[in-house]
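Hi,

Here is the structure I promised to pass along. Have a look at it first, and then read on for what turned up in the backbone.

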Amino acid sequence: MNHAPRFSTVVRCTLLLLALGVVVTACGEPKSSDPLSTEPFDAAEQVVFNTPRGGVKVNPDKPFEVTVKGEEGRITDVRVTDDSGHHLGGELAADGSRWRSTGPLSAGAKYTARVATENKKGAPGARMAVFETSPAKRLLSVGFGPEEGTYGVAQPIIAELSLPVADREARAVVERGLKVDSKPAVEGAWHWVDDEVLHFRPKDYWPTGAKVSVSSNLQGVRVSNQLYGDKAEKPVKFTIGDRLEAITDASAHYMTVLLNGEVINTIPITTGKPGFSTRNGVKVVLGKEYFVRMRGSSVGIGGSEAYDLPVYYATRVTWSGEYVHAAPWSIGSHGYENVSHGCTGMSTGNAAWFYETFKEGDIVHVINSVGEDMDTFGNGYGDWNLDWDEWRSGSSLVENAPGGPRPDDSARLRPWV
């Protein structure tokens, strides 16, 4: 058999590929000389970082930068992450000459920067830098309430800051760092009560049986100039119980109690008499005290209106001393007229039932009183007296929000009767 034609073809193929400058091992199996297919070269002589030398820690208030030396190449990509895996946002110049961080650096954190480059021939380069940021001089810590347990559907979440935060942009940073997780999920928002206190509530009452967790992700985060988030405490978790609601009709002198929308009790009551009328509006149970000594002198009531009484089964609904409690001395007026100094009184048996049935976070809604409206803040949890749009206007994350109202009245801390 004659093999000459095959040999001639191989020779011609080899000569053609050599003429094209490609190294071959066999015809049809070229090895590319594309520079992008090679291992990246060390770009140490190509880029420079703005971090100090000698292990000096970086000022987290200043941006991190990577710059190209001369005109021999360009930056193609930069990725900067901290030890927790969080990425630092940044912006690359159109010509690839510089990358600059746009997101804030965390204080007291360790970062790894990975830079990809290419030279004028298109060959890829790589450079890595590791640096640490200096710890914060001022730390903002956050404490949450309520404590772990089971609460009613009206219970707000309270966040108390260790330092005041007044600037709107700084408030927005704080809000973004406060995480509320509810199962089932709810639509909700934070509302700034003042520079150091925020409340969170859902658009509607919490769903019965919801599991709620609140935590802070502010550790190391820049809040404002030289102010950073402190180490976070463990998440606070609580559960929402049944929807329990007392509708107190001050003009009818009766309270209707509903459990998950169904009436379970109707109780004759007395509320505040003229001059001491009970506040209208939605209130939230703040706590319970089996025994309270109530004195008129503690809230500035004297003369013919003075009182000094032992009170049992007292369920608190305002910090200034409005309770639902046993009032056996006025039992003849229950269901007929208002004779108290602002509290809701009932028989000892009914008060004991109310005390044992209601828990913190349950609803006490007063209607048809000639008294003033319940304060939104400062005297208990009047959060639910704001409609949803008003509530959201107190968030710094909502466009055109003023940053939240401030309480005008200071709470009196002694009980009424």
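This is a predicted model: local features need pLDDT of at least 70, side-chain atom pairs count only at pLDDT 80 or more; totals for chains, interfaces and linings use all residues.

Let me start with a proline. Pro-146 sits in the loop that runs between strand S12 (142-145) and strand S13 (150-151).

Lys-183 and Pro-184 are joined by a cis peptide bond, with omega about 5 degrees. As for where that falls, Pro-184 is in the loop between strand S15 (178-183) and strand S16 (188-192).

Next, the phi angles. Tyr-313 is not a glycine, yet its phi is positive, near 50 degrees. You'll find Tyr-313 in strand S27, which covers residues 308-316. Is Tyr-313 buried or exposed? Its relative accessible area is 19%, and the cut-off for buried is under 20%, so Tyr-313 counts as buried.

Asn-368 also has a positive phi without being a glycine, in this case about 60 degrees. Asn-368 belongs to the loop between strand S30 (363-367) and helix H4 (388-392). With a relative accessibility of 46%, Asn-368 is classed as partly exposed, because that class lies between the 20% limit for buried and the 50% limit for exposed.

Cheers

Key: Residues are numbered from 1 along each chain as its sequence is written. Side-chain values use heavy atoms; hydrogens and water are left out. Helices (H or I, at least four residues) and strands (E, at least two) are DSSP runs, numbered from the N terminus. Buried means under 20% relative accessible area, exposed over 50%, partly exposed in between (1.4 Å probe, protein chains only).
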